[in-house]
Amino acid sequence: MAATDEARGEERRPAAGERQPADGERGAARPAGRRLTRRRALLLGGGAAVAAGAAAVAAREELAYWWWRLPGNGRPRKEGEVDFAGAQWSAASPANYRQASRPDDYTVDRVVVHVVQGSFATALKVFQDPFHEASAHYVVRGDGHVAQTVRELDVAFHAGNRGYNERSVGIEHAGFVDRPESFTADMYAASARLTAGICRRYAFPADREHVVGHVEVPGTDHTDPGPHWDWDRYLALVRAELRRPAGRA
């Protein structure tokens with residue numbers, strides 16, 4: 001459908017056979033047309049101002065991210081340091097994560113639960129492979145042993161969703177989604193201590209909005225942790241850890 005003259009902000013010309021307005025009438029009519037044009041210009045100008053404002057906010061946010069990447073502005077870090085007491089440090093390849101300064105540059109408000117679909121050793125090996133293009137912050141073994149492969153400061157490539165990567169800590173669990181025996185009592189207990197510490201550090205609740213499975217990440221094609229992962233048991237353990245005195249990892 002063609003737009004009307006008024007919608008385009010133009011003055012309407014008389015149709016054939018329609019009485020032409022007198023000069024005085026034309027003089028009175030034109031300002032109305034011009035007022036419409038000015039109003040539309042104001043509306044367009046207002047829309048441009050809103051767009052410019054949104055662009056400015058986005059630019060400020062991006063600048064904030066880059067600010068923490070400049071030398072001397074990031075959070076201090078030491079080689080081999082871990083965020084979970086007692087964890088084995090097993091560094092992932094730098095190709096499999098992005099250095100950051102969380103939570104200064106990105107808010108952390110999620111834990112994403114994964115299952116390796118393989119062994120603990122397999123997870124560490126592939127995270128060290130620069131061609132793998134993925135990593136998680138932690139890997140938990142069946143006996144409760146925990147390895148950290150990426151600092152929580154940094155953005156691990158684990159969720160298949162950039163926004164979730166930036167806002168979350170990823171925890172892998174050795175085993176297979178279709179083998180319930182993979183998920184041992186020691187694994188649940190260690191992982192719960194780990195998640196409770198993350199919730200406490202970044203001040204978000206231990207609930208199913210903030211502690212999610214990989215399958216629940218928007219846009220993912222993964223199914224882990226699968227139907228045998230006991231969410232009720234897991235969150236009960238996490239909340240029990242949170243009720244303990246602060247200071248435990």
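Predicted model: local features only at pLDDT ≥ 70, side-chain atom pairs only at ≥ 80, totals over all residues.

Reader: Where is Gln117 placed, and what is its phi?

Author: Gln117 sits in the loop between β3 and α3 (120-127). Helices (H or I, at least four residues) and strands (E, at least two) are DSSP runs, numbered from the N terminus. The phi of Gln117 is near 65 degrees, a positive value in a residue other than glycine. Most residues other than glycine have a negative phi.

Reader: And what about the phi of Ala203?

Author: Ala203 also has a positive phi, near 60 degrees. Ala203 belongs to the loop between α5 and β8, and Ala203 is exposed, with a relative accessible area of 69%.

Reader: Turning to the whole chain, how many helices and strands are there?

Author: The chain has six helices and eight strands. Of its 249 residues, 37% count as buried.

Reader: In what order do the strands of the sheet lie?

Author: Six strands form an open sheet with mixed pairing, in the order β1-β5-β4-β7-β3-β8. The edge strands, β1 (88-89) and β8 (211-213), each pair on one side only. Two strands pair if DSSP finds at least two bridges between them.

Reader: Which helix packs on the sheet, touching β3, β7 and β8?

Author: That is helix α6 (residues 231-242), whose direction makes about 150 degrees with that of β8. Axes are lines fitted to C-alpha atoms, for helices over the stretch in contact, and angles run from 0 to 180 degrees between N-to-C directions.

Reader: How do β4 and β7 pair?

Author: Strand β4 (residues 138-140) and strand β7 (residues 168-173) are paired in the parallel sense over three bridges. Val140 of this chain stands opposite His173 in β7.

Reader: Which residues touch the most other members of the largest nonpolar core?

Author: In that core of 30 residues, they are Tyr138, Val146, Ile171, Leu194, Ile198, Val211 and Tyr234. A nonpolar core is a set of buried Ala, Val, Leu, Ile, Met, Phe, Trp, Tyr and Cys residues joined through side-chain atoms within 4.5 Å. Helix α5 gives the largest share of this core, nine residues.

Reader: What does Leu194 contact, apart from its neighbours within four places in sequence?

Author: Leu194 is in contact with Phe84, Tyr138, Val140, Val146 and Ile171. Contact means heavy atoms within 4.5 Å.

Reader: Is Glu166 buried or exposed?

Author: Glu166 is buried, with a relative accessible area of 14%. Glu166 lies in helix α4 (residues 162-167), and its side chain is joined to that of Arg162 by a polar contact of 2.9 Å. A polar contact is a pair of N or O atoms within 3.5 Å; within protein, one must be able to donate a hydrogen and the other to accept it, and residues adjacent in sequence count only if both atoms are side-chain atoms.

Reader: Lastly, which kind of peptide bond runs from Arg102 to Pro103?

Author: That bond is cis, with omega near 5 degrees.

Note on methods. Residues numbered from 1 in each chain as written. Heavy atoms only, no water. Buried < 20%, exposed > 50% of the residue type's maximum accessible area, 1.4 Å probe, protein only.
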